[in-house]
Amino acid sequence: MLRSPSVCRLFQAVSTTSSRTATVRRRLPEFPKARRSYGSPSPNNNTSLSRSTGVTILLTSAATLVLSHLWYQRAPVLAESCDPDQLRKVQPAGVGSEKAQYAGAEETRRVIELLRSRLGEDQVTTNPDELLSHGVSANTYHAAAKPDVVVYAESTEDVSAVMKIAHEYCVPVTPFSGGTSLEGHITCPFGGICVDLSRMDRILEVHETDSDAVVQAGAQWEAINEELKERGLALFFPLDPGPSACIGGMMATGCSGTNAVRYGTAKGEWFLNATIVLPNGDVIKTRQRSRKSSAGYDLTKLFIGAEGTLGIVTEATIRLAPILPTRVAVCGFPGVEEAVQAVGEVINRGVPMQCVELCDTLMMSAIKRFGNVNMPLPSLDTIFFKFQGSDPASIDASVKIVSEIAKKNGGQDLVFAVDDAQSEELWRARKSAHWSAMALVEGSTCYSTDVCVPVSNLPRLVHETKRDLAEHGIVGPLLGHVGDGNFHAALIFKADVPGEFEKVDEAAHRMVERAIALQGTCTGEHGVGIGKRMYLRSELGDGTIAVMKTLKNALDPHGIMNPGKVN
């Protein structure tokens, strides 16, 4: 039988910053990260952008909701014995005024009535299933807690109205867009208001000549690219995190993906500006639409990676990139060290690569068995290369250089996809490697975590992590964006076997500590949330944390914005 921590324990955990026990985790199954849409559809969702991205996403979305509900019934989030008013007085460590105290139950009920009077009838709900689906995520194992009310915003003005009420009554607010985050970003440890931005999913403007677009926070990156394709534009938005991730969450976590080696991360110049609703309800636009500006502080980047603790993103101007010809190949190496050495040489030679991805031998076994790939694949530590060039001749030149470097480092001959269809098949297998890994152990689920180190330290990190997993009997395929030193561990376990979750959880923590010791970070892509807060001080230092708190307290003196997250 699974054990759920009481809410009292949960809030004590959220309020602690200095020890590993600060994070109380709850075992939840991990399911496909499909976009979840609850409540009535928006009347504005009549463009192609809001169309379904496929039967699979629809089915997995429904499965996620149903299974999360069943899991919640088995291990309830809320403890009946705890006094809600007392819980609201717990201070969110390091995220606001030391004297902040949240609204009690009676004040919260008053706030809900005010929200209903200010917004549309279908925009405010206290339906138990809606609350559950917004506070409990099947994508994470961290302790979960529900909001008191969910508000479906349909405009920046709606968000501003909500924040003004929340600020006046000191009610905590948690932003929600795609709900795909992995580190407990959407859980509501102090109850309050969940602002769901999924109805704000439109492309507002496309400027083809300027290669940019203005989009709302609830727009999915995949849907944006599909819309651009349908309009006949040879442009795309190159940030590619997990499926169904939305612009608001992508900014909040400072996301990246397989394209990062070529296009960088969200903290690059891919977000030209953003419309932000501040904790007091004021609305700002961080800058104009020009490609560059040296006017004033770079407030756009202040909100990138802030995880909703400083304000709520409602719109953004995103840069678009031209779609260039690509060619996909794989190459097996005798070990991770040789593979990483080869990639370093490729990058330092200036070879234009769109993606450079590592899958270790165990992950390759999973992909070969369960990835539905028809082409022959290596059974070694393997690099997936996606070559990019302006024309076939430039790609051929890159292939020649990479082949020479690979052979010098003990690599096999490159195996190429023969056509576009096979290229898509091969890359789809890489992007869905998570599900292939879960199939390695029947009846299992997967604990996914990520770290990032300087590329030169990646072989040591991977070697030590693989040895650690083997010593503890953990099935843990590894994959990574080797071009930038970021790698992910898919730690496989059976949720119904006592002690299995605790074993992989401890392994994940050891991996993080190892990465920080190697001059790396506790997270390269997933973000901090509640899951990795305890590592920020050791990674960043007291002085940096103090500056972060100063910024937080200046913008959010009541500590109402996504409390309990980040620092």
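## The chain as a whole

Helices and strands are here DSSP runs, of at least four residues (H or I) for a helix and at least two (E) for a strand, numbered from the N terminus. In this predicted model, the secondary structure of the protein chain amounts to 19 helices and 18 strands.

The protein chain has 567 residues, of which 59% count as buried, and it exposes about 22,300 Å², with carbon and sulfur atoms supplying 52% of that area. When contacts between residues at least 6 apart in sequence are considered, 77% of them join residues at least 24 apart.

## Helices α4 and α6

The axes of helix α4 (residues 105-118) and helix α6 (residues 156-169) come within 10 Å and cross at roughly 160 degrees. Because angles over 145 degrees count as roughly antiparallel, α4 is described as roughly antiparallel to α6.

The crossing of these two helices, α4 and α6, is right-handed. On the α4 side the contact is made by Arg110, Val111, Leu114, Leu115 and Arg118, while α6 contributes Val162, Ile165 and Tyr169.

## Helix α7 and its cover

In helix α7 (residues 221-230), the buried residues are Trp221, Ala223, Ile224, Asn225, Glu227 and Leu228. The elements that cover these buried residues of α7 include the strands β5 (203-207), β6 (212-216), β7 (235-236) and β10 (312-319), together with helix α8 (247-253). Just after α7, Gly232 takes a positive phi of about 80 degrees.

Conventions:
Residues numbered from 1 in each chain as written. Predicted model: local features only at pLDDT ≥ 70, side-chain atom pairs only at ≥ 80, totals over all residues. Heavy atoms only, no water. Axes fitted to C-alpha atoms, helices over the stretch in contact; angles between N-to-C directions. Parallel < 35°, antiparallel > 145°, perpendicular 65-115°, else oblique. Left-handed = near helix turned anticlockwise from the far one by under 90°. Contact = heavy atoms within 4.5 Å. Buried < 20%, exposed > 50% of the residue type's maximum accessible area, 1.4 Å probe, protein only. Areas by Shrake-Rupley, 256 points an atom, 1.4 Å probe, with all protein chains shown as cover.
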